[in-house]
Amino acid sequence: MVEPMLEMCGVSKRYPGVLALDRVSLTVLPGEVHVVAGENGAGKSTLMKLLSQVERPDDGVVLLQGEPVEFRGPRFAQLVLGVSMVHQELALAPHLTVAENLCLGDEAAHLGVLSPRADRRRASALLARVNLAVDPGRLVGTLPVADRQRVEIAKALGGTPRIVIMDEPTAMLTEAEIGDLFGVIAELKAHGIAIVYISHRLDEVTHLADRVTVLRDGRVVQTLPSAQVSPERLIRLMVGRDIDNLYRKPRVEIGDVLLRAEGISRRGRVVDLVECTVDVRAGEIVGFAGLVGAGRTELARAIFGADIPDAGRVLLRGREVHISSPQQGIEAGLGYLTEDRQGEGLALQLPIDQNITLANVPLRFGIIDLREERKIALFWRDQLGIQTPSIKRLVRVLSGGNQQKVVVAKWLETKGQVLFFDEPARGIDVGAKAEIFDLIGRLASEGRGIVIISSYLPELLNMCDRIIVLRAGRITGELTREQFSEEQVMQLATGSATGSAVWSAPPTRQNDNSGPGGALMSEAKTMRSGRSRIPVSDAWRDRVRSAVSQLAAAGAVVVLFVYLSFASDAFLSANNLFNIGVQSAVVAIIAIGMTMVIITAGIDLSVGSVAALSGVLGAMMVVKYGVGVPLSIVVGAAIGAIAGVVNGLLVTRAEMAPFIATLGMLSVARGLVYIVTGSVAVSGVPPEFKLLGQGKLGALPIPILALVVVALAGHVVLTRTKLGRYAYAIGSNVEAARLSGIPVRRYLTIVYVISGILAGFGGMVAASRVNSGQPNFGIGLELDVIAATVIGGASLFGGEGKVIGTLLGALLIALIRNGSVLLDINTFYQQVIIGVIIWIAVFWDRYRRRAASELIQA
């Protein structure tokens with residue numbers, strides 16, 4: 001009897017609130033291809049993490065050739081145990097060369113000095129094993145995605161592997177490249193190397209597997225030899241039910257031409273499009289086929305407006321339309337479901353309902369209609385079968401199939417008549433795949449035009465009415481359904497008279513019965529008008545998690561306030577509380593603008609200097625030119641707005657990093673302060689100048705009232721307007737926002753303008769408080785402002801932040817500074833305390849994101 005290469009006995013893994021693996025046992029033999037199958041969320045990726053030592057099991061034993069395995073991390077697993085992994089999400093450093101990536105962590109060196117020549121030789125040998133002819137000195141980031149995938153495979157073959165784990169290795173490969181990979185696998189098997197293989201492609205499973213283990217809900221359902229595995233049985237074991245036909249295409253009468261793109265040409269970084277002409281008719285499903293780099297995605301993006309073509313025109317229902325942006329494409333009736341749903345299709349930090357309405361936000365008098373948004377989201381949740389207990393669930397925690405449905409819902413809500421589906425089934429399990437293709441058939445039956453782009457020929461051969469084949473940016477042929485064959489498609493795609501396909505199985509027989517029928521949109525009015533009860537347990541859990549930063553800041557404010565009340569007799573005096581209020585008001589007003597910027601994943605380092613410039617120029621307008629105080633406040637805010645416009649244009653048009661753009665503005669504004677004042681304070685202002693910073697309206701200080709107005713306005717903007725919604729979307733996923741039709745440059749510029757206006761207004765409040773324009777005001781203020789936003793829960797990664805959190809952060813900083821003075825503590829300790837609090841806030845943000853990522857991947 002052959003001794004197993006690997007034994008996993010009773011292995012379990014828990015994440016917070018989730019039992020990802022429940023007493024799983026798995027045996028893999030030398031030279032065996034052992035396929036692990038299951039739907040998304042079944043536990044496959046978690047199992048592979050344990051095997052590759054990315055994670056440690058909570059229970060169970062792992063044996064390698066009969067010996068218990070120590071858990072010391074992925075490097076130990078690869079270099080010592082011989083367990084390598086080909087990740088589904090490429091684990092390569094884009095700014096390193098191919099050779100540096102392949103030898104990373106195991107570089108050739110002599111006396112501590114690296115030997116690039118030896119690394120290049122080793123890299124060349126590894127590349128030859130995967131039949132990839134690229135220069136080992138080329139940067140990985142410059143390679144096409146398919147070539148990067150093969151570099152990832154070559155990396156796993158370094159050293160002396162005993163087990164190679166392959167997680168969806170063919171997801172980004174063409175048919176010919178898949179054939180090369182299968183040859184590599186055969187070579188590994190011949191050398192006794194065990195392969196643990198994960199794939200959602202059923203024909204790969206039956207073609208490659210020696211044995212198959214099926215997981216469902218974190219448990220082993222069954223392990224079978226390949227001879228006992230059929231696609232139908234495998235589907236039934238994976239999903240727990242029968243699926244009649246994976247590609248369910250109804251009979252549809254093809255109508256008139258909806259879309260005609262004529263002579264589309266465009267010079268691109270990867271491929272040039274050359275005079276491509278495409279027709280799509282009502283009820284028709286058209287496929288775009290071709291090898292990687294053929295121009296399939298590029299053509300779809302050019303028609304949709306994501307990339308502007310250099311020549312050609314687009315006609316919808318015979319009328320020419322000018323499309324130069326995704327926004328115009330959406331308005332014309334087009335929709336584009338990108339192949340990278342997480343990178344370009346979804347705002348992962350936003351909940352399901354806000355993603356669904358992202359491309360078509362429901363407004364009422366310029367304010368987001370939250371009730372209508374809820375109805376829309378509930379309608380699509382029920383209509384598409386999005387598996388979620390609440391529409392307020394963050395979309396990042398959904399399975400791949402449910403994320404894909406959210407993207408589909410977003411585009412259906414735009415009422416688009418021609419929809420491009422780019423790799424619609426990539427990375428989703430068989431159950432979700434069947435639902436997506438069923439939906440595509442239903443959309444066609446409603447008279448919409450559908451374009452499917454796929455690297456997987458069975459999808460095109462089974463679902464399409466016509467297939468358009470591209471090669472090197474040109475359309476090389478068009479096949480009607482009667483002409484369909486893998487050989488024909490491959491011949492047109494490769495330019496070879498003997499073009500061959502990897503897959504030998506014929507297309508799945510069509511189901512001639514009509515689909516469910518009935519227009520998807522016809523039920524919208526009645527369904528949306530009804531009331532639906534939303535399960536809120538998971539939504540509240542998400543809200544509590546996102547509010548922990550604000551709760552922690554609030555707790556710190558309360559604790560510090562109580563402590564200072566007992567520690568200092570002067571703390572509760574009216575004058576001291578007034579000073580705390582004014583001090584926190586200036587920081588908070590400016591920090592509200594900073595919060596909007598940070599939500600978009602930007603930064604504004606110029607706020608302190610812009611505040612100083614606004615304050616001194618506003619005071620000078622009163623003293624030297626006799627301008628009234630109200631007008632001087634407007635001037636101060638206008639100066640901030642000008643600075644914001646410059647910052648916004650530098651970030652959006654000049655494409656400068658926000659850090660660099662606003663750092664330059666910091667220097668320019670500070671220099672102008674000293675130039676216009678000669679480093680001398682602007683004094684002699686009239687008594688009424690003090691009202692903004694020192695006055696009261698009844699018993700309420702005016703600066704506090706000003707802060708309340710700004711805070712309420714900021715809250716409404718962030719929660720109830722397009723600007724706020726789009727700011728969160730941009731910070732969460734800028735490309736998904738752009739492809740959703742959001743004019744990203746415009747809204748980013750507006751956000752920087754708002755930050756500048758609030759900096760200018762805050763500068764005027766501060767100048768009024770001291771009754772003069774101080775040229776040294778605001779030095780280091782930007783640090784307090786950023787600290788207030790971060791302490792309040794805004795993420796420097798973008799996509800998160802709330803006004804209430806910023807207010808609490810500003811108040812906490814004011815209490816720390818005030819308390820240090822009252823208790824006669826060295827002021828330098830203030831900075832230490834604030835710095836430590838910032839560290840804690842950032843570490844908490846990173847922990848939350850890591851925990852969420854682990855939950856998703858489980």
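A contact here means heavy atoms within 4.5 Å; keep that cut-off handy for the tour. You're looking at a predicted model, where local features need pLDDT of at least 70, side-chain atom pairs count only at pLDDT 80 or more, and totals for chains, interfaces and linings use all residues. Residues are numbered from 1 along each chain as its sequence is written, and side-chain values use heavy atoms, with hydrogens and water left out.

**Stop 1: Leu 316**

Select Leu 316 in strand β16, residues 311-316 (strands are DSSP E runs of at least two residues, helices are H or I runs of at least four, both numbered from the N terminus). Leu 316 is buried, at 10% relative accessible area (buried is under 20%, exposed over 50%, partly exposed in between, with a 1.4 Å probe and protein chains only). Now show what Leu 316 touches: Leu 258, Leu 259, Val 321, Ala 332 and Leu 334, leaving out residues up to four places away in sequence.

**Stop 2: Ser 609**

Next, jump to helix α21, residues 607-625, and pick out Ser 609. Is Ser 609 buried or exposed? Ser 609 counts as buried because its relative accessible area is 2%. Its side chain makes a polar contact of 3.4 Å with that of Arg 670 (a pair of N or O atoms within 3.5 Å; within protein, one must be able to donate a hydrogen and the other to accept it, and residues adjacent in sequence count only if both atoms are side-chain atoms). Beyond four places in sequence, Ser 609 touches Arg 670 along with Leu 666, Ala 669, Val 673 and Gly 778.

**Stop 3: Ile 833**

Head for helix α31, residues 828-857, and select Ile 833. With 39% relative accessibility, Ile 833 is partly exposed.

**Stop 4**

Color Cys 9 and Cys 464. Cys 9 is partly exposed at 35%, whereas Cys 464 is buried at 0%. How many disulfides are there in the whole structure? The search finds zero (the test is a pair of cysteine sulfur atoms within 2.5 Å).

**Zoom out**

Finally, show the whole protein chain: 31 helices and 26 strands. Of its 858 residues, 55% are buried. Among contacts with a separation of 6 or more, 73% join residues 24 or more positions apart.
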